[in-house]
Amino acid sequence: MAKTQESPAKTMPLLTLSAMVVGSMVGAGVFSLPRNFGQATGGFGALIAWTIAGTGMLMLSFVFQALAIRKPELDAGVYAYAKEGFGEYPGFFSAFGYWASACVGNVSYWVLIKSTLGQVLPIFGEGNTIPAVLLSTVFIWAFHFMVLRGVQEAAAINKIVTIAKLVPILVFIIVLLFYFDAGVFADNFWGGDAYSESLFEQVRSTMLVTVFVFLGIEGASVYSRYARKRSDIGRATVLGFLSVLAIFATVTMVSFGIMPREQLASVQQPSMSPVFESAVGSWGAWFISIGLIVSVLGAYLAWTLMAAEVLFVAAADDDMPSFLARVNNHGVPVVALTFTTALVQLVLVTTLFSDDAFTFTLKLCSSLSLVPYLLAAAYALKLAITRETYTDLHPEDRRKELVVAAIATFYTTFMIFAAGLEFLLLSFIIYAPGTILFVLARREHGKKYFQGWEVILLVVSIVGAVAGLIGLATGLISI
């Protein structure tokens with residue numbers, strides 16, 4: 001059986017790669033920002049949160065930019081960097097976690113779409129009713145068969161959708177600037193009298209939300225094998241990040257100038273819809289709802305592509321079973337795509353048992369993504385410390401990239417702390433069983449299963465998974 005086909009034609013220019021980054025990040029998250037921030041903090045805390053998230057994620061985008069240049073031979077960025085820097089099992093851990101995060105994130109998209117429809121069709125409720133799950137299932141498999149027609153074609157569709165979905169978000173920002181009430185904003189600035197938590201706890205409670213909305217920052221890196229020029233990968237990453245940071249922060253802050261924080265905290269998701277409606281009338285809710293559906297469908301397409309790509313490349317590198325590297329006549333990794341759609345379907349069914357399905361999938365998605373991000377940042381830090389690939393640079397340039405990598409590593413580590421023990425244990429419930437794929441791949445190629453300290457990582461993941469299951473069984477952890 002042939003593992004892979006020949007390297008694909010490098011046909012994605014800078015604009016398309018940038019669209020993949022923006023398309024990956026601008027999805028369900030931006031439409032939920034007013035309520036999520038209103039529940040957590042006021043204007044001042046939001047400014048601090050976006051400053052921390054913006055700085056941390058900017059450093060992470062610089063990390064991906066530097067790694068794309070320093071390690072041009074590595075494709076499927078997040079997974080490849082972890083493997084190269086820390087070994088095959090951590091590399092697998094990164095690939096599997098990134099893939100699982102993408103799948104869980106895709107479920108949150110369908111939950112939010114059905115919650116939006118639930119505002120006019122009560123049978124869909126908050127997006128986790130039986131009719132909502134059944135309708136989502138139809139669309140999940142419809143997208144599956146569309147992607148089977150080809151990655152390049154799907155990427156072209158994503159570029160068009162990215163442009164289309166930015167329109168309602170930009171209209172939301174521009175229109176609300178005219179309705180902005182400085183008095184309401186001033187009352188919301190310190191969070192109001194209802195707050196009993198410290199500013200640190202307020203900001204901490206927003207961190208998983210900011211991680212969720214920035215997921216996809218590595219979109220161009222994942223598609224590095226399609227880039228026309230290696231330098232385009234880093235440029236697309238930074239360009240895409242700065243664009244969405246401006247959008248996300250502005251959506252949050254203008255909302256604090258439209259209605260009191262207590263109202264923001266209680267509106268139904270997608271919260272951009274009632275905020276816009278309160279300013280312009282009932283047509284505003286419809287306008288945002290339509291924009292959300294277009295946006296989320298585009299993000300779902302982008303994340304489905306990236307998830308399948310990571311599984312495919314890991315299998316091609318012998319880190320997952322070879323059957324995941326099979327491609328169809330259009331060059332699409334058909335088995336990897338099927339696994340992706342199947343996990344989305346499985347997690348979708350679990351939302352039937354969740355009290356707040358959107359928040360649950362949002363936070364679990366963010367938590368799963370943190371390990372892959374941490375390993376990528378740590379690899380960049382390792383390169384800078386060991387001076388590998390830095391022989392041709394002035395010492396000041398190396399020190400600059402060392403500082404960037406250190407900040408990115410600290411930020412992702414802090415995000416794991418901010419996520420809390422509950423979601424870390426839930427992540428291990430997904431991580432631990434995934435190791436079966438790694439063992440199958442090692443046996444397939446006659447290699448030793450685990451090397452040295454990798455056994456420690458295995459034990460930690462198993463213990464974490466068991467603790468998570470006990471927590472679910474006893475009610476200490478709820479979904």
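At what angle do α5 and α19 pack, and how far apart are their axes? Keep that in mind while you set up the viewer. You have a predicted model open, in which local features need pLDDT of at least 70, side-chain atom pairs count only at pLDDT 80 or more, and totals for chains, interfaces and linings use all residues. Residues are numbered from 1 along each chain as its sequence is written, and side-chain values use heavy atoms, with hydrogens and water left out.

**Stop one: α5 and α19**

Select 88-118 for α5 and 421-444 for α19; helices here are DSSP runs of H or I with at least four residues, numbered from the N terminus. The two pack at about 125°, with their axes 9 Å apart. Axes are lines fitted to C-alpha atoms over the stretch in contact, and angles run from 0 to 180 degrees between N-to-C directions. That makes α5 oblique to α19 (angles under 35 degrees count as roughly parallel, over 145 as roughly antiparallel, 65 to 115 as roughly perpendicular and the rest as oblique). Their crossing is right-handed, a term used when the near helix is turned clockwise from the far one by less than a right angle, with anticlockwise giving left-handed.

Now show side chains. From α5 you will find E88, Y89, F92, F93, F96, G97 and A100, meeting F428, I430, Y431, G434, T435, L437, F438 and R442 of α19; contact means heavy atoms within 4.5 Å. This set holds 10 nonpolar, three polar and two charged residues. Ala, Val, Leu, Ile, Met, Phe, Trp, Tyr, Cys and Pro count as nonpolar, Asp, Glu, Lys and Arg as charged, and the others, Gly among them, as polar.

**Stop two: the largest pocket**

Stay with α19, which gives six residues, the largest share of this pocket's lining. The pocket has a volume of about 400 Å³ and is lined by 19 residues. To centre your view, pick L343, L346, V347, I429 and I430, which lie nearest its centre. Colour the lining by class and you get 17 nonpolar, two polar and no charged residues.

**Stop three: α3 and α17**

Keep α17 and select 43-70 for α3: their axes come within 10 Å and cross at roughly 60°. That makes α3 oblique to α17, and here the crossing is left-handed. M57, L60, V63, F64 and L67 of α3 make the contact with Y373, A376, A377, Y379, A380 and L383 of α17. The residues divide into 11 nonpolar, no polar and no charged.

**Last stop: α6 and α15**

Finish with 130-147 (α6) and 282-316 (α15), packed at about 55° with axes 11 Å apart. The crossing is right-handed. Look for I140, F143, M146 and V147 in α6 against L297, Y300, L301, T304 and L305 in α15.

Technical notes:
1 Å grid on protein atoms, 1.4 Å probe; cavity = no way out; pocket = protein on both sides within 12 Å on 5 of 7 lines; lining within 4 Å. Points joined across faces, edges and corners; volume = space filled by probe spheres on them.
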